[in-house]
Amino acid sequence: MKIMITGCHGQLGNELISCLKTGKSEIGAIPCSLENSEILAVDIEELDITDLAAVRALVEKNTPDVIINCAAMTNVDGCETAYETAFKVNALGVRNLAMCAEEKGAKFIHVSTDYVFAGDGVKPYIEWDNIDPQSVYGASKALGEKYALSFCKRSFIVRTSWLYGYIGKNFVKTVRRVLRERGAITVVNDQRGNPTNANDLAHHLLKLAVTEEYGIYHCTGEGECSWYEFACLIATLSGFDGAVKPCTSEEYPSPTKRPAFSSLRNLALECTVGNEMRDWQTALKEYISKVED
């Protein structure tokens, strides 16, 4: 099988490549039909997904069986000011990839976000709950979802949240760095969601890739917490007990309206290929035992 991965230098792209090359994730073996897959890994240096002609040329030349889109503008605050760029990357770029996948009969897997929801719920969102993005980032990702489903009939939309991986920047690494440098950190305690290990997410994207179970999925770590609770466990596992202090969102202002409650339930996974996502505490513990920074 030939698999094209966009955004290959990011946290998720890195984990997908690792899983494909080793044949396994931290959860277990990936589908055996993916053994010896040919990987076409590209990032902005090789492909600007907002350029339809460039996307079409690359897809026509390489004829992938599956396109996994990990490319996105994920700077939530930056999207608020650079909204045109946000929509070009998170929506138009998705449309381009979906169109070209459809033209070549490829499957299309697009990674989305909990920010498509209003974030004012009281129980975990499921896949068919109404979306209502409250930020430019969320709105651009919501339009990307719509384009993927509209332009490629073999599309998987996979929403995730609070992602962390072994390369690049993420919340876990930031907390550990600040604790090392300052000895303490203050974190909001009134926003709740699901920490997600990128390796676990990659495992499930590859499980979906060998099926025809198209549609919308949620794929996050099991269980929910606040950012403060997340940071507390990071600190404890890193040897900084008692170094995290809580605050409210009002005390930590942001130019972006961030969801107060955006916990997701992996219901579609449960009903199709199976939900093997680890609970967030277990996945974080293994991650911290391996991460180097």
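Which residues lie on one side of strand 1 and which on the other, and are they buried or exposed? Lys2, Met4 and Thr6 are on one side, Ile3 and Ile5 are on the other, and all are buried, where buried means under 20% relative accessible area and exposed over 50%, with partly exposed in between (1.4 Å probe, protein chains only). This is a predicted model, in which local features need pLDDT of at least 70 and side-chain atom pairs count only at pLDDT 80 or more, while totals for chains, interfaces and linings use all residues. Residues are numbered from 1 along each chain as its sequence is written, and side-chain values use heavy atoms, leaving out hydrogens and water.

- An open sheet is formed by 6 strands in the order 2-1-3-4-5-10, with parallel pairing; two strands pair if DSSP finds at least two bridges between them.
- Strand 2 (38–42) and strand 10 (215–218) are at the edges with a single partner strand each, so one side of each has no neighbour in the sheet.
- On average, and ignoring direction, neighbouring strands of this sheet are turned by 20 degrees against each other; axes are lines fitted to C-alpha atoms, for helices over the stretch in contact, and angles run from 0 to 180 degrees between N-to-C directions.
- Helices (H or I, at least four residues) and strands (E, at least two) are DSSP runs, numbered from the N terminus.

**Strand 1 and its partners**

- Strand 1 is largely enclosed by the rest of the structure, because 5 of its 5 residues are buried.
- Strand 1 (residues 2–6) runs parallel to strand 3 (residues 66–69), and 4 bridges join the two; Ile3 stands opposite Val66 in strand 3.
- Strand 1 also runs parallel to strand 2, joined by 5 bridges, and Lys2 has Glu38 of strand 2 as its bridge partner.

**Helices across the sheet**

- Helix 4 (residues 83–104) lies across strand 1, strand 3 and strand 4 (107–113), at about 160 degrees to strand 4.
- Helix 5 (residues 136–151) lies across strand 4, strand 5 (155–160) and strand 10, also running at about 160 degrees to strand 4.

**Helix 8 against helix 10**

- Helix 8 (residues 227–237) packs on helix 10 (residues 280–290) at an angle of about 40 degrees, and their axes are 10 Å apart.
- That angle makes helix 8 oblique to helix 10: under 35 degrees counts as roughly parallel, over 145 as roughly antiparallel, 65 to 115 as roughly perpendicular and the rest as oblique.
- Glu229, Phe230, Leu233, Ile234 and Leu237 of helix 8 meet Trp280, Gln281, Leu284, Lys285 and Ile288 of helix 10, where contact means heavy atoms within 4.5 Å.

**Lys173**

- Lys173 is part of helix 6 (residues 171–182) and counts as buried because its relative accessibility is 10%.
- Leaving aside residues up to four places away in sequence, Lys173 touches Gly165, Tyr166, Ile167, Gly168, Tyr287, Val291 and Asp293.
- From Lys173 to Ile288 the C-alpha to C-alpha distance is 9.4 Å, although they are 115 residues apart in sequence.

**Two residues with positive phi**

- Most residues other than glycine have a negative phi.
- Asn36 is not a glycine, yet has a positive phi of about 65 degrees; Asn36 sits in the loop between helix 1 (11–22) and strand 2 and counts as exposed at 76% relative accessibility.
- Trp162, also not a glycine, has a positive phi of about 45 degrees; Trp162 lies in the loop between strand 5 and strand 6 (163–164) and counts as buried at 10% relative accessibility.
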